[in-house]
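Let's take a walk through this structure together. Have the sequence and the 3D view open while you read.

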Amino acid sequence: MNTTVKTPSPASSAEATTAGSGARRAPLPAGRRGARKAADWRQRFEIAVLSGPAIVVFVAFVIVPVGMAAFYGFYKWQGYGPPTDFVGLDNYKIIFSDSAFHEVLSHNGFIVVLSLIVQGPVAIVLALLLNQKIRGRGLIRVLIFVPYVISEVIVGTGWSLMLQTNGAVNDLLADIGLGALKSDWLSDPKIAIWSLLVIISWKYIGFAVILFLAGLQSIPEELSEAAAIDGATYWQIQRSITLPLLGPTIRIWAFLSVIGSLQLFDLVYIIWGQYIASTAGTSTMATYMVANGRNSGNYGFGNAVAVVMFVISLAIALIYQRFVLSRDTAGALTERPKK
Amino acid sequence: MTALTYRAGAQRSRGRRKASGRGTPATYFIALLFISVSLAPVLYIVLGGFRTNAQITTNPAGLPGPWEIGNYVDVLSSSIFWRQLGNSAIAGFATTIGVVVLGLMVSFVLARYRFRGRGAMYALFAAGLMFPITVAITPLYLLIKDLGLTNSLAGVILPQIAFALPTTVIILVPFLRAIPDELEEAASIDGASRLGFFFRMIVPLSLPGVVTTGILAFIGSWNSYILPLFILNDEGSYTLPLGVQAFASQYSVDTAKVLAFTSLSMIPALIFFTIFQRRIVGGLTGAVKG
């Protein structure tokens with residue numbers, strides 16, 4: 001640490017700081033070229049030291065496994081020794097002709113669409129309400145975030161006990177005189193996926209609300225004050241000023257929600273287990289992958305399912321980026337964000 | 001989809017009452033309603049732990065009567081609960097430290113160095129957002145197995161750090177960019193090198209963003225399920241989520257005890273979140289703006 005502070009002369013390090021890519025090419029007096037070169041190497045060294053560990057870990061545990069999935073997906077392989085039984089696209093043919101996979105796709109589609117429809121509007125209204133100057137706002141925010149903070153396992157365990165045939169929900173319905181509504185919330189294939197939707201919405205809506213609240217805080221108050229002076233009502237202000245300005249946040253939330261719904265695994269696997277999920281009509285791509293891949297020892301097939309999942313998610317993500325997010329993230333992914 | 005959501009929200013809210021900006025009784029009512037819905041299942045778990053199995057069977061939705069602390073005492077005096085709590089804590093803190101240190105270093109490079117390949121490097125991490133752990137889990141398991149890290153917490157920690165890096169980079173880079181260049185110039189005039197500037201100015205100034213990413217990493221690790229499910233097969237190395245599930249299937253008849261175990265296992269994440277919740281909203285505000 002000590003030596004790094006001393007070695008560069010103030011002048012050369014100041015140059016290194018201000019030098020853009022253009023400035024670097026500017027001709028230099030001969031005597032200072034050496035110092036410049038040293039600063040250049042120094043910078044390269046610093047970049048390598050600072051970014052090296054993160055890149056190594058990231059590539060080793062994120063990029064390589066994804067690449068391995070693509071490779072193993074072409075093999076029939078039980079996970080022992082190197083894969084030798086090359087089967088080409090057979091795994092993919094099986095996936096796309098498997099009626100169980102078609103069901104799984106429709107379940108994922110259902111969750112994607114209804115999560116947006118159910119959570120979006122409710123979360124926006126709640127965020128607008130909670131953005132007002134009400135008492136106990138801090139406490140309210142903590143409390144609505146509780147379901148998001150507790151783990152899927154806890155949520156799954158608690159809800160499956162509550163929704164059992166002789167569980168708390170049916171008992172409560174009987175107590176308040178709605179005994180006719182008692183159902184097999186988890187095992188009836190007509191109802192189970194709606195139960196899943198309720199649990200998902202319950203767990204993740206707090207995240208949407210917090211995200212929207214964060215977005216609302218970055219909207220300058222002067223705008224609504226000015227509109228109020230011009231005679232706009234509270235809800236007119238929300239509709240014409242706040243909501244459009246909240247647009248980027250809503251679009252990012254929708255993106256995160258869609259990707260999350262496509263990857264849904266934990267809650268289904270915990271509540272319905274690996275076997276019941278398909279008969280109850282709640283299985284997802286990820287539970288299909290685990291049940292038919294690792295749990296049945298077909299690692300090659302499991303990897304092929306992973307690739308299909310990834311391609312579907314990526315396609316949706318790219319389309320969404322291209323047509324919906326493009327104006328918001330045009331800067332964020334490539335250029336310096338405006339701030 | 002966005003347009004639809006937006007219109008639905010707007011129609012719902014149109015023309016209810018005059019501008020106020022302050023809470024009316026209706027606001028409080030809706031907030032209260034929402035909070036009760038959010039908390040009811042949690043309370044069911046916590047209160048259920050204070051009941052006996054007989055109480056739960058005869059009246060599933062009732063309150064404890066009389067209150068029974070035996071379940072909680074049993075869980076708290078069992079070594080398995082404390083071991084799993086310890087495992088979760090180790091995994092959580094190691095992941096958090098790893099993510100924060102590696103994330104801050106690489107974000108500093110991305111935010112404040114100009115060099116060829118910087119855009120590609122940022123894109124590499126940003127693309128990581130598209131690789132959820134679910135997709136990579138099967139090969140990841142094989143990789144960890146080859147490294148001989150199954151049944152060890154390191155096999156969970158390293159992938160967790162890797163998968164938390166994209167979010168961290170995306171939150172931290174705007175934070176670090178927002179630090180004015182003048183500060184850096186002033187520091188270099190005073191004789192500080194780039195690295196000196198990093199440790200003396202960047203680290204303290206980016207604290208809000210660091211805390212946000214740290215909390216997200218910790219809670220993510222505390223709750224993570226699919227990765228430990230694949231990597232940890234030996235009950236001694238279980239983290240709490242696996243422990244809760246194992247406990248629930250092992251004692252499936254003893255519902256009250258399962259509820260006690262479950263509610264105890266959620267306390268640490270809740271405490272952690274409550275202490276730092278202001279920071280989370282603050283950090284997200286920065287990230288959303290960027």
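What follows goes from the contact between two chains to one chain, and then to a single residue.

Keep in mind that you're looking at a predicted model. Start where chain A meets chain B: 110 residues of chain A are in contact with 104 residues of chain B. Which part of chain A gives the largest share of the side that touches chain B? That's helix H4 of chain A, residues 30-72, with 17 residues. And what kinds of residues sit on that side of chain A? They split into 70 nonpolar, 28 polar and 12 charged.

Now turn to chain B. Out of its 290 residues, 48% are buried. Take the contacts between residues at least 6 apart in sequence: 79% of them join residues at least 24 apart.

Finally, zoom in on one residue, Asn151(B). You'll find Asn151(B) in the loop between helix H7 (133-146) and helix H8 (154-177) of chain B. Its backbone has something to look at: Asn151(B) has a positive phi, about 65°, even though it isn't a glycine. Is Asn151(B) buried, exposed or partly exposed? Asn151(B) counts as partly exposed because it has 16 C-beta neighbours inside 10 Å, and a residue would need 20 or more to be buried, or 12 or fewer to be exposed.

Notes. Residues are numbered from 1 along each chain as its sequence is written. Chains are lettered from A and ligands numbered from 1 in the order in which they are written. This is a predicted model: local features need pLDDT of at least 70, side-chain atom pairs count only at pLDDT 80 or more; totals for chains, interfaces and linings use all residues. Two residues are in contact if their C-beta atoms, placed from the backbone, lie within 7 Å. Helices (H or I, at least four residues) and strands (E, at least two) are DSSP runs, numbered from the N terminus. Ala, Val, Leu, Ile, Met, Phe, Trp, Tyr, Cys and Pro count as nonpolar, Asp, Glu, Lys and Arg as charged, and the others, Gly among them, as polar.
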